[in-house]
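Please have the viewer open as you read.

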Amino acid sequence: MGKVYVFDHPLIQHKLTYIRDVKTGTKEFRELVDEVASLMMFEITRDMPLEEVEVETPVQVAKSMVLAGKKLAIVPILRAGLGMVDGILKLIPAAKVGHVGLYRDPETLKPVEYYVKLPSDVEEREFIVVDPMLATGGSAVEAINSVKKRGAKNIKFMCLIAAPEGVEIVKEAHPDVDIYIAALDEKLNDHGYIVPGLGDAGDRMFGTK
C-alpha cells in the first residue's frame, strides 16, 4: 500500500509561505518552486540504495559509497510540473526527463492525454511524477496511468500542495504509489481550487492568466 509523506522541514515550510503569497512575482515564484523541489528531492531520495567502491584520495585509497540500483526518471505533468524539474536535476543530473501532457475535456471535465514521451528503458527506472498541485486528483491519476501503460513499475508522485480530496483519489486509483507533499491543505473549494492553496501554479510560474 502506498504511503503519504507530508514534509515538515523548516526550510520547505519557510519557502512555501512565500510561494503562497500573492505579492510574490513570477521570477521569485519560479525560483522558490525550484528550491522547494530540490529540498523535497533530498528527502525523497533518502532510501536510495548505495554500493561500495574504492577511490583514490590525495592521501590514500579509500572505500566510499555511490548510488546503486535503479535509475531515476522525472516526469512533469505539463505545464506547471516543468517548474520543478530543474530543481530536481541540480541534485540528480543523470536523471532522465519524460513528459506527460493532459487537457481537460470541456464536456466531461476529465483529463485527457495528448502527449507522452518517456525514456526508452522504462522498466529499468524509478519514476517520479511531479506537479505543483494535487487538487481534485484527476490529472495525477491520469498521468500515473499514462506512465504505467508504458511499462513503468516503480512510481512515486511529488507535489508542493495537496488537498485531502485529491490525496484520497490518487490513493484509491494507485494504491502502489507513494505520495510526497510539502503541505497538505484544508480542502477544495466549489471551483476545484485548493484552500488556502497558492492560486493557479501554471499562471503564476509563467506569467499568464
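## About the model

This is a predicted model, where local features need pLDDT of at least 70, side-chain atom pairs count only at pLDDT 80 or more, and totals for chains, interfaces and linings use all residues. Residues are numbered from 1 along each chain as its sequence is written, and side-chain values use heavy atoms, leaving out hydrogens and water.

## The largest pocket

The largest pocket has a volume of about 820 Å³. A pocket here is an open set of points on a 1 Å grid over the protein atoms alone, where a 1.4 Å probe fits, with protein on both sides within 12 Å along at least five of seven lines; lining residues have an atom within 4 Å of a point. The volume is the space filled by probe spheres set on the points, which are joined across faces, edges and corners.

Of its 27 lining residues, Arg-104, Asp-131, Ala-135, Ser-139 and Asp-200 are the closest to the centre.

## The recorded site

An unreviewed UniProt entry lists Ile-194, Gly-199, Asp-200 and Ala-201 under "binding site", an annotation that may be inferred rather than shown by experiment. The pocket lining includes Ile-194, Gly-199, Asp-200 and Ala-201.
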